[in-house]
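Subject: Structure for your review

Dear colleague,

Please find below the structure that I am handing over to you. My findings follow it, and I should be grateful if you would read them with the model open.

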Amino acid sequence: MKNRFGWANRISDKARLYRWVSWLLNPFRVAANAWNEFWYSPSDPVVLALIRIFAGGMLLYTHVIWGLNLPAFFGSSGWNSPDVLSVVQEDGIVPSFWWYVSDQWLMPVHCLCIAILFLFWIGFATRVTSVLSMIITISYSYRAHMSNFGLDQINAILCLYLCIGPSGALLSVDRWISVVRARRKARREGVPYAAPVVSRSITANLAIRLIQLHFCVIYAYSGLSKLQGGAWWSGEAVWLAFANLEYQSISMTWIAWYPWISDLMTHTTILWEVSFAALIWIRPLRPLVLAMGFSMHAGIGGMMGMWTFGLIMIFGHLSFWPAGIVRRLLGGLPLMPTLLGTLQPLKQTRLSARNTDLKVAPALLWVDRTVRRQLLCLRYFWQRGYHCAGSRDLQEARELRETTLPDAVVVMATGWEDEEVTTFHDDHCSRPDAEPLFMILSTSQSARLNGRIHTPGSHVITGQVSLGSLRREIQETLDHTSDDQEFEWAAEHPIGEDS
Amino acid sequence: MISTIPANRRRVPLNSEIEAQASPNACGAVERPRSKWRRAGFALVNTWLFIHLTAIITAPATVGPSSQSSRTVWTAVAPYLQGLYLNHGFHYFAPQPGSSNLVSWTVTRKDGTVLNGRFPNFDIRPRLYYHRHFMLSEFLGNSPPELQTVIVKGFARNLCREYDGETVTISTVRHDLPSMERVRAGGKLDDGDLYEEQPLGSFKREDLL
């Protein structure tokens, strides 16, 4: 629930309706905000770190296997000899440092590459080793061009995106070093030790989104290209794959007596691949889509002997896993409290993300008894890029506040009993992390309540006020708050993470 | 602290009985002034995202049959795709799983010893290493004839080097897939008639160097 995207998804039906209305009224602004939110919302780097461990391990294994016969695959007289590749690769751009390595240097260079890949895998100097790993992966792939298959493609794709995000921020030697440094510093200064807090990162989100979209592209084309083949329509395709002795690792010829199994698996594979790019974004269906993908790739690995390819695709699926679940799953493992760390509270990161000028809009909880007025106000704020949730009930507003974590709460107090208003106000302001509260009172109500509503976190507005004025007031308050929080957080946690 | 909005900011009445109206000069949600460099950086990232997404979507679309438009777009983004090893079709087992290709070879040494082999074979382990050899034979078997003549020379040279051979004979072997009916009737996946060998040539060591 702490995710902005999730926040926007849990608005009420009424709010959802108005979201569509906003699309119709101002599609470009809404699209721009959606684009920014999709790409630039900061996220927990734990998923990226987990992908680094799995994909980095696969990278290491892949390259160790190359080393079983370097002269055959990378030598000047090997299978992929340069004169043959110059014809095969024609005029393409094929960057590889292997073109400049003579035969006697094959093993030293290979060992150096393995060492770098190992460092990347364990997350040491990850910003550097990730880029070097990408260069290594691309170089090996182009040099051993004729021996490549899907594994090498996905290796390179994941490696590229792991370079973009802070893949070594967690579950890594880098993280361990930062913890040790913080501990030493605390000891030196004689202050209690506090583990470095993990920041949500925009680049982590960017990398995860790129992996997700790339996998959508992969499955879409993989599925659509299969539709050109008759066997994928007739149901024979899976049989043909199993009947290929060179791929086989478990005999599946018994399927010949049960053709319906081949039909079912063929049609399911096609349906799954073609629909993946759409269904994976529907949250309730995501676990099912991923489970089916897991089954398919585990089947490719177990029955067709392509464990490496099956696994690397499953590793890519991790990008669709929520960070919270990954944290919970990893939390019980040894050393995890150190290597996972504590995630920085959402609000601070969210506001500091706003300070990066990436137009991550604030979220408002709007409480108003009058439906028509509430809808008009919500529309106004939606059109200006705010995330809004509305409620007509003060009790419901309390629950919404807890679950949606808004940046500010606006209460149109007219229509409620004075007692209800003051109770809501006191309850709100008694919370230690209370959001700024904007109470809009009628003149008579203000006169009655004068003196009963006055806390630093609440803003009482009396009489007539325009929406523009209210919006500026909210914006100024949030800007002011974000600066303070940023400063306080930086002072409290001098060892920062990538944000 | 009680915050109030100055009177000069109040225009359209909002609360009580009068409904809300939007401010005509309202701007976006985040109004903090951005520096020139930040704006430029943000624009650059967005531009790169657009190019990157266009590139990765276009690359598989150019695998034949493809449109002239997709090929034109691909031409523009090809250096980017190739530079990052992203130029892939993702046509796995498409349009449909077909017969596999193997390479059969015979090496004759200086002392007259004759060695025979075929790859891939299940003696090649681990499985990934086996798969590397399988991809070599698939590449050769699926290449057009004019390219096969070039590739097979490279293969012959490597076999000469590995086994210290004087002459090498190479052929490609197509392994067809049996139908369900055939298997039900007692057929095996490795029945001899499913293999079709096509000689690609015989090469002498001195011709290969």
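This is a predicted model: local features need pLDDT of at least 70, side-chain atom pairs count only at pLDDT 80 or more; totals for chains, interfaces and linings use all residues.

Chain A as a whole

Chain A has 499 residues, of which 47% count as buried. Its secondary structure consists of 24 helices and 5 strands. Among the contacts in chain A with a separation of 6 or more, 76% are between residues 24 or more positions apart.

A helix pair in chain A

Helix α4 (residues 46–66) of chain A packs with helix α7 (residues 106–122) of chain A at an angle of about 165 degrees, and their axes are 8 Å apart. Angles over 145 degrees count as roughly antiparallel, and α4(A) and α7(A) are therefore roughly antiparallel to each other. Their crossing is left-handed. On the side of α4(A), the residues that meet α7(A) are A:Gly56, A:Gly57, A:Leu59, A:Leu60, A:His63 and A:Val64. On the side of α7(A), they are A:Cys113, A:Ile114, A:Leu117, A:Phe118, A:Phe120 and A:Trp121. By class, the residues of this contact comprise 9 nonpolar, 3 polar and no charged.

The contact between the chains

Chain A contributes 91 residues to the contact, and chain B contributes 77 residues. Helix α11 (residues 202–226) of chain A supplies the largest share of the side of chain A that touches chain B, namely 8 residues. That side of chain A has 49 nonpolar, 31 polar and 11 charged residues.

Helix α1 of chain B runs over residues 36–61; at 1.5 Å a residue, its 26 residues should span 38 Å, which agrees with the 38 Å between its end C-alpha atoms.

A:Gln228 lies in the loop between α11 and α12 (230–234) of chain A. With 13 other C-beta atoms within 10 Å, A:Gln228 is partly exposed, because a residue counts as exposed at 12 or fewer and as buried at 20 or more. Apart from its neighbours within four places in sequence, A:Gln228 is in contact with B:Ala94 and B:Pro95. A:Gln228 and A:Arg401 are 173 residues apart in sequence, and their C-alpha atoms are 52 Å apart in space.

With kind regards

Technical notes. Residues are numbered from 1 along each chain as its sequence is written. Chains are lettered from A and ligands numbered from 1 in the order in which they are written. Axes are lines fitted to C-alpha atoms, for helices over the stretch in contact, and angles run from 0 to 180 degrees between N-to-C directions. Helices (H or I, at least four residues) and strands (E, at least two) are DSSP runs, numbered from the N terminus. Angles under 35 degrees count as roughly parallel, over 145 as roughly antiparallel, 65 to 115 as roughly perpendicular and the rest as oblique. A crossing is left-handed if the near helix is turned anticlockwise from the far one by less than a right angle, and right-handed if clockwise. Two residues are in contact if their C-beta atoms, placed from the backbone, lie within 7 Å. Ala, Val, Leu, Ile, Met, Phe, Trp, Tyr, Cys and Pro count as nonpolar, Asp, Glu, Lys and Arg as charged, and the others, Gly among them, as polar. The expected span of a helix is 1.5 Å times one less than its number of residues.
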